[in-house]
Amino acid sequence: MADEDIDTSDIPDPTPEQFARAVARRGLEPAPRKQQVTLRIDADVLQWFKDGGKGYQSRINALLRAYVEAHRNDQ
């Protein structure tokens, strides 16, 4: 069966809670350049990522990249 033949219409979008517990898969192609920005994030969300240890900014970036890739064709 080809990917196009799979009916995924009955799969609901993840809730914010499910999204927050998601683990971004390793092996994503790194962005050619990163840009420094100031971003306001809820304190508890930032603390959750920091509690995961070193590399929390990279994990946030990987999660955002995965979200962008998943929704790239929505627009």
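**Exercise 1. Classify Arg-72 by its accessibility, then find its charged partner.**

Step 1. Arg-72 has a relative accessible area of 48%. Buried means under 20%, exposed over 50%, and partly exposed in between, with a 1.4 Å probe and protein chains only. Arg-72 is therefore partly exposed.

Step 2. Side chains of opposite charge can pair when their charged atoms come close. The side chain of Arg-72 meets that of Glu-69 in a salt bridge, 2.8 Å from N to O. The criterion is a side-chain nitrogen of Lys or Arg within 4 Å of a carboxyl oxygen of Asp or Glu.

Step 3. Check the partner. Glu-69 is partly exposed too, at 44%.

Step 4. Search the whole structure. One salt bridge turns up.

*Ground rules.* This is a predicted model, in which local features need pLDDT of at least 70 and side-chain atom pairs count only at pLDDT 80 or more, while totals for chains, interfaces and linings use all residues. Residues are numbered from 1 along each chain as its sequence is written, and side-chain values use heavy atoms, with hydrogens and water left out.

**Exercise 2. State how confident the prediction is, for the chain and by element.**

Step 1. pLDDT is the predictor's confidence in each residue, from 0 to 100. The chain has a mean of 87, and 95% of its residues reach 70 or more.

Step 2. Helix H1 (residues 16–21) has the lowest mean, 82. H2 has the highest, 96.

Step 3. Apply the caution. Where pLDDT is low, the predicted coordinates should not be read in detail.

**Exercise 3. Describe the fold and how spread out the chain is.**

Step 1. Count the elements. There are three helices and zero strands. These are DSSP runs, numbered from the N terminus: helices are H or I with at least four residues, strands are E with at least two.

Step 2. Read the order from the N terminus: α-α-α.

Step 3. The C-alpha trace spans about 40 × 30 × 25 Å along its principal axes. Of the 75 residues, 4% count as buried.

**Exercise 4. Find the aromatic pairs and give their geometry.**

Step 1. The structure holds two. Rings of Phe, Tyr and Trp (its six-membered ring) pair if their centres lie within 6.5 Å; planes under 30 degrees apart count as stacked, over 60 as edge-to-face and the rest as tilted.

Step 2. Phe-19 and Tyr-67 pair edge-to-face, 5.5 Å centre to centre with 85° between the planes. Phe-19 lies in helix H1 and Tyr-67 in helix H3, so this pair ties together parts 48 residues apart in sequence. Phe-19 is partly exposed at 30%, and Tyr-67 is partly exposed at 41%.

Step 3. Trp-48 and Phe-49 have ring centres 5.0 Å apart and planes at 90°, so this pair is edge-to-face. Trp-48 is partly exposed at 47%, whereas Phe-49 is buried at 11%.

**Exercise 5. Place Asn-73 in the chain and classify its accessibility.**

Step 1. Asn-73 sits in the segment after helix H3 (56–71).

Step 2. Its relative accessible area is 75%, so Asn-73 is exposed.

Technical notes. Rg over C-alpha atoms; globule rule 2.2 N^0.38 Å.
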